[in-house]
Amino acid sequence: KCTQCNKDFGQLADLTRHIKSAHENEFVCPTCNKALASKHRLKEHIESVHEGIRHKCDFCDATFSIKWNMNKHIKKAHKK
């Protein structure tokens, strides 16, 4: 449980990410000041929102701002 806002989390890692992003603002976008839960999420945010980077599916015309979402799409939509 977060001691600052009383929000409950099932795992300590989730609580830690919440505290860093919601209360400590450890990972803050230098362009728009959005706080994110990790360095990785900050990188994804900058690439997709401020740099317009998209990841295109090799099997169809779908594009994704986050590579993980593209990989998930490929496994679900194009698994053989």
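## A first look at a predicted protein model

At 44% relative accessibility, Lys56 counts as partly exposed, a label for residues between the buried class (under 20% relative accessible area) and the exposed class (over 50%), found with a 1.4 Å probe on protein chains only. This is a predicted model, where local features need pLDDT of at least 70 and side-chain atom pairs count only at pLDDT 80 or more, while totals for chains, interfaces and linings use all residues. Residues are numbered from 1 along each chain as its sequence is written, and side-chain values use heavy atoms, leaving out hydrogens and water.

**Overall build**

- The protein has 3 helices and 4 strands; these are DSSP runs numbered from the N terminus, with helices (H or I) of at least four residues and strands (E) of at least two.
- Along the principal axes, the C-alpha atoms fill a box of roughly 45 × 30 × 15 Å.
- Contacts (heavy atoms within 4.5 Å) tell us about the chain too: among those between residues at least 6 apart in sequence, 0% join residues at least 24 apart.

**Surface and charge**

- Of the 80 residues, 24% count as buried.
- The accessible surface comes to about 6,100 Å², and carbon and sulfur atoms hold 50% of it; such areas come from the Shrake-Rupley method with a 1.4 Å probe, and for residues only the protein chains shown count as cover.
- There are 16 positive and 9 negative side chains, with the centres of the two sets 6 Å apart.
- In that count, Lys and Arg are positive and Asp and Glu negative, while His and the chain ends are not counted; each charge is placed at NZ of Lys, CZ of Arg, CG of Asp or CD of Glu.

**Salt bridges**

- The whole structure holds 4 salt bridges, each a side-chain nitrogen of Lys or Arg within 4 Å of a carboxyl oxygen of Asp or Glu.
- One of them links Arg41 and Glu44 (3.2 Å, N to O); both residues sit in helix H2 (residues 39–50), 3 residues apart, about one turn of the helix.
- Arg41 is partly exposed at 43% relative accessibility, whereas Glu44, at 10%, is buried.
- Helix H2 also contains Lys43 and Glu47, 4 residues apart, about one turn of the helix, and their side chains meet in a salt bridge (2.8 Å, N to O).
- Glu47 counts as buried because its relative accessibility is 19%.
- Lys56 pairs with Asp61 in another salt bridge (3.8 Å, N to O), and Asp61 is exposed at 71% relative accessibility.

- Asn6 lies in the segment before helix H1 (12–24), and its phi is near 65°, a positive value in a residue other than glycine.
- With 52% relative accessibility, Asn6 counts as exposed.
- Asn33 is in the loop between strand E1 (27–28) and strand E2 (35–36); although not a glycine, Asn33 has a positive phi of about 65°.
- Asn33 is exposed, with a relative accessible area of 59%.
- Asn71 belongs to helix H3 (residues 67–77) and is partly exposed, with a relative accessible area of 34%.
- The C-alpha atoms of Asn71 and His55 are separated by 9.5 Å, and the two residues are 16 apart along the chain.
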